[in-house]
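Below are my notes on the model, as numbered points. Please read them alongside the coordinates.

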Protein chains: 2
Amino acid sequence: MNKINIGLIGYGVVGSGVVKLLNQRKAYIENKFKTEFVIRTLCDLRIPQGSTKGLEKTILTKKIETVLDDPAIEIVVELIGGLHPAKEIVVGALKRGKHVVTANKALIANSGKELFRLAKKQNCHLYFESSVGAGTPIIKTITEGIVGNKFRSLYGIINGTCNYILSEMTDKNYSFGQALKAAQKQGYAEHNPTLDINGMDSVNKLAILAYLAFGKFIDVKDIYREGITHISHDDIEYTKSLGLSIKLLAIAKKENKKIEVRVHPTLISEDHPLASIDGIYNAFYIKTDPLGNILLSGEGAGQMAAASGVVSDLINYASRGSTSALPCNLYSEASGLKIKKIDQVRTKFYLRFMATDKPGVLSVITGILGKHGISINSVTQKAHNPTSTVPVIMLTNYTSEKKLRLALDKIYKLHVIKSHPVAIRMEKLS
Amino acid sequence: MNKINIGLIGYGVVGSGVVKLLNQRKAYIENKFKTEFVIRTLCDLRIPQGSTKGLEKTILTKKIETVLDDPAIEIVVELIGGLHPAKEIVVGALKRGKHVVTANKALIANSGKELFRLAKKQNCHLYFESSVGAGTPIIKTITEGIVGNKFRSLYGIINGTCNYILSEMTDKNYSFGQALKAAQKQGYAEHNPTLDINGMDSVNKLAILAYLAFGKFIDVKDIYREGITHISHDDIEYTKSLGLSIKLLAIAKKENKKIEVRVHPTLISEDHPLASIDGIYNAFYIKTDPLGNILLSGEGAGQMAAASGVVSDLINYASRGSTSALPCNLYSEASGLKIKKIDQVRTKFYLRFMATDKPGVLSVITGILGKHGISINSVTQKAHNPTSTVPVIMLTNYTSEKKLRLALDKIYKLHVIKSHPVAIRMEKLS
């Protein structure tokens with residue numbers, strides 16, 4: 001029997017889930033993998049009374065050093081989240097030759113480059129499956145499962161809160177506010193949901209995935225970000241009638257040494273498998289060469305979903321032994337790749353203008369779009385009501401973001417236009 | 001640079017794809033994984049003239065021993081398919097301490113137990129990602145990606161030919177014969193498509209997946225099998241109108257130490273993501289605990305899709321080094337598991353009877369079903385035509401296969417029933 005001493009730092013939701021799952025799967029892991037995982041030390045500032053079932057032989061401490069300085073600890077599991085002191089813990093562990101498992105997306109997104117390099121130097125493993133998609137094995141799929149392929153693009157529904165809100169808005173005719181409340185009631189949104197609904201959570205995860213797929217570390221500040229707070233129920237209705245489904249997508253594409261990375265509400269065909277990924281599920285749609293398109297979907301959040309990713313990491317560590325090289329190989333940067341500015345990105349757009357309902361309005365709007373080189377694929381005027389404003393819906397052909405912004409600014413200044421034009425990007429995933 | 005000498009046996013469609021892909025990805029593999037793969041020897045009975053691009057420094061041979069007895073060859077790639085001499089090749093390689101990559105589903109399905117045990121004994125790696133789903137990484141997902149979980153059930157669309165035929169029948173109103181011809185024209189079905197359309201190909205793949213998920217080797221003869229040749233266009237129409245979609249599913253379930261393994265046409269809700277997997281795509285829907293349900297989908301056949309799985313295996317071998325243990329751990333059998341006979345399996349059924357259209361027929365049929373303890377959830381009579389036979393459609397509640405067969409035998413003997421009753425199993429996946 002291979003005995004592996006773990007130092008577990010962080011006994012919150014995920015940490016206690018890991019303890020629970022390791023206990024549940026103890027016999028299986030011992031029988032199949034000839035490995036006994038022992039949580040030698042548990043470090044947390046506050047361990048609730050009565051919550052230490054399965055930890056009777058474990059040293060409880062508030063001091064990180066008790067874990068880091070213990071030579072008997074072979075692998076450190078960091079589950080406190082956030083940048084500090086998580087980074088100091090991971091760096092400290094690697095510097096002492098300990099292997100690391102973490103579920104910390106902010107840490108890997110912001111400091112991955114430094115940590116992968118350090119792990120390589122120290123010949124240590126660094127696992128982080130649960131940092132994206134919880135236990136849904138997207139990290140392993142990209143780094144190992146389809147590693148023989150060249151990655152062309154990646155589209156992810158990687159924030160369960162936003163996907164739940166958009167699904168509720170679509171299926172139940174909820175407003176954004178109503179859907180957010182429903183998400184909070186179900187425990188799918190935090191009391192303060194800002195980082196989810198403004199897209200920042202997705203940005204962190206996209207930085208990780210884009211690095212793994214394309215080999216370029218991207219500063220999260222360089223990722224274009226737009227959340228879902230401005231999505232109105234009207235636009236969901238109008239786009240549904242056009243056969244489109246709205247998702248908060250994290251998108252990374254590589255073409256001719258240029259990388260596009262962006263997170264924003266995106267319209268996709270309702271026939272595409274990604275459109276049927278509802279509620280808190282995450283999904284990843286990856287275009288590769290030569291394998292083609294692959295789709296992976298699963299629960300992307302929750303105590304036990306995240307714990308299952310951490311335990312899978314631990315078993316994979318135990319199975320492959322400490323001498324193998326792959327995790328260290330993660331520090332390997334492709335050369336010459338540049339990031340495209342959002343201005344240069346070309347997509348199709350759904351546009352909605354609230355315009356006075358009188359003859360000639362359409363011609364003025366399409367005239368301005370035409371002058372900026374933007375072709376229109378379809379126009380729908382939702383209702384006629386001469387005394388009031390009506391929505392004018394247009395689907396454009398491909399245009400650069402820059403041209404579109406210039407055109408919309410001009411259109412907004414027209415006295416027949418009564419509110420800010422709405423523009424939502426469309427993606428053809430096929 | 002880590003130099004790895006490969007002995008490639010089999011230079012057919014997949015073998016030549018592997019050579020092509022290794023050449024295309026050479027710089028990438030060398031840069032990122034510090035590994036140079038050298039095809040030292042290529043063994044095939046017939047190597048077409050002019051097809052050896054990228055093999056200028058390779059020894060060409062017709063003798064398997066030239067590969068097996070060469071101490072410089074570290075890993076043997078077996079791509080000839082079939083049971084013999086593939087088995088002798090893989091056994092011979094392992095016995096000489098060589099690692100193996102194979103894409104041979106029949107070999108792993110029939111001799112996996114023996115080969116995994118031998119690999120373990122020899123401390124060798126045995127990779128077989130492309131044996132199921134080509135390069136779509138279902139093997140790695142089960143054995144590593146979600147290894148921390150307990151598997152409850154697995155549903156696979158694992159034969160692209162059948163999925164293409166059923167998709168064409170559904171979308172284009174083709175008969176089975178028309179759809180098969182279309183598949184052959186597109187190169188998606190063999191000239192002799194028997195092993196695909198009778199479900200045998202899916203049975204082999206299911207045996208592999210069920211072993212990996214549940215730890216029990218299952219004789220392919222113990223897997224219930226029903227192909228798609230008897231599926232009529234009428235039933236596709238009728239089930240579509242009931243919100244159901246028909247797929248050839250490979251199903252494995254475990255409950256209370258009993259395993260169900262079966263391959264047959266299956267009706268699922270058209271809202272389920274698996275229902276939207278069309279054409280030659282494969283998909284795997286796995287229910288696990290605690291992660292929940294995960295879906296993986298991708299191209300399951302084709303030269304380069306299969307080659308990408310083989311090349312991913314090679315890179316993973318190179319990355320983890322020869323000392324790690326996981327592949328050998330595949331020989332590990334769970335104890336006490338029994339296989340449920342098909343008679344004992346309980347599902348819901350779609351039934352169609354061609355009956356004389358006269359009063360009392362429904363009552364006789366439902367009477368017989370009722371006597372066998374089979375409840376009916378819905379009945380539809382498709383059209384009234386007193387001079388002729390009409391289809392009577394029923395959806396049953398859960399019933400054992402045995403009871404249903406007894407009831408159908410009795411119903412078929414009624415003089416008002418004009419042809420063999422049609423029965424298609426239904427599965428609730430959500």
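1. A compact globule of 430 residues would have a radius of gyration near 22 Å, and chain A, at 24 Å, agrees with this. The radius is taken over C-alpha atoms, and the globule rule is 2.2 Å times the number of residues to the power 0.38. Along the principal axes, the C-alpha atoms of chain A fill a box of roughly 80 × 50 × 35 Å.

2. On provenance: this is a predicted model, in which local features need pLDDT of at least 70 and side-chain atom pairs count only at pLDDT 80 or more, while totals for chains, interfaces and linings use all residues. Residues are numbered from 1 along each chain as its sequence is written, and chains are lettered from A and ligands numbered from 1 in the order in which they are written.

3. Chain A has 15 helices and 18 strands. These are DSSP runs numbered from the N terminus (helices: H or I, at least four residues; strands: E, at least two).

4. An open sheet of chain A holds 6 strands in the order β3-β2-β1-β4-β5-β6, with parallel pairing. Two strands pair if DSSP finds at least two bridges between them. The edges are β3 (59–61) and β6 (126–127) of chain A; each has a single partner strand, so one side of each lacks a neighbour in the sheet. Inside the sheet, β1 (residues 2–9) and β4 (residues 75–78) of chain A run parallel and are joined by 4 bridges; A:I6 has A:I75 as its bridge partner in β4(A). Helix α4 (residues 86–95) of chain A packs on this sheet, touching β1, β4 and β5 (99–102) of chain A, and its direction makes about 170° with that of β4(A). Contact here means C-beta atoms, placed from the backbone, within 7 Å.

5. Strand β16 (residues 389–396) of chain A pairs in the antiparallel sense with β14 (residues 346–356) of chain A over 7 bridges, and also with β15 (residues 376–381) of chain A, in the antiparallel sense over 5 bridges. Within β16(A), A:P391 is the bridge partner of A:M354, and A:T396 stands opposite A:I376.

6. Helices α14 (residues 361–371) and α15 (residues 401–412) of chain A pack at about 150°, their axes 9 Å apart. Axes are lines fitted to C-alpha atoms, for helices over the stretch in contact, and angles run from 0 to 180 degrees between N-to-C directions. The pair α14(A) and α15(A) is therefore roughly antiparallel (under 35 degrees counts as roughly parallel, over 145 as roughly antiparallel, 65 to 115 as roughly perpendicular, the rest as oblique). The contact involves A:I365, A:I368 and A:L369 of α14(A) with A:A407, A:K410 and A:I411 of α15(A). By class, this contact of α14(A) with α15(A) has 5 nonpolar, no polar and 1 charged residues (nonpolar: Ala, Val, Leu, Ile, Met, Phe, Trp, Tyr, Cys and Pro; charged: Asp, Glu, Lys and Arg; polar: the others, Gly among them).

7. Which helix supplies the largest share of the side of chain B that touches chain A? The contact takes 44 residues from chain B and 44 residues from chain A, and α12(B) gives the largest share of chain B's side, 10 residues. That side of chain B has 18 nonpolar, 20 polar and 6 charged residues. Strand β12 (residues 292–299) of chain A and β12(B) pair in the antiparallel sense over 3 bridges, with A:L295 opposite B:S297.

Terms used:
Contact = placed C-beta atoms within 7 Å.
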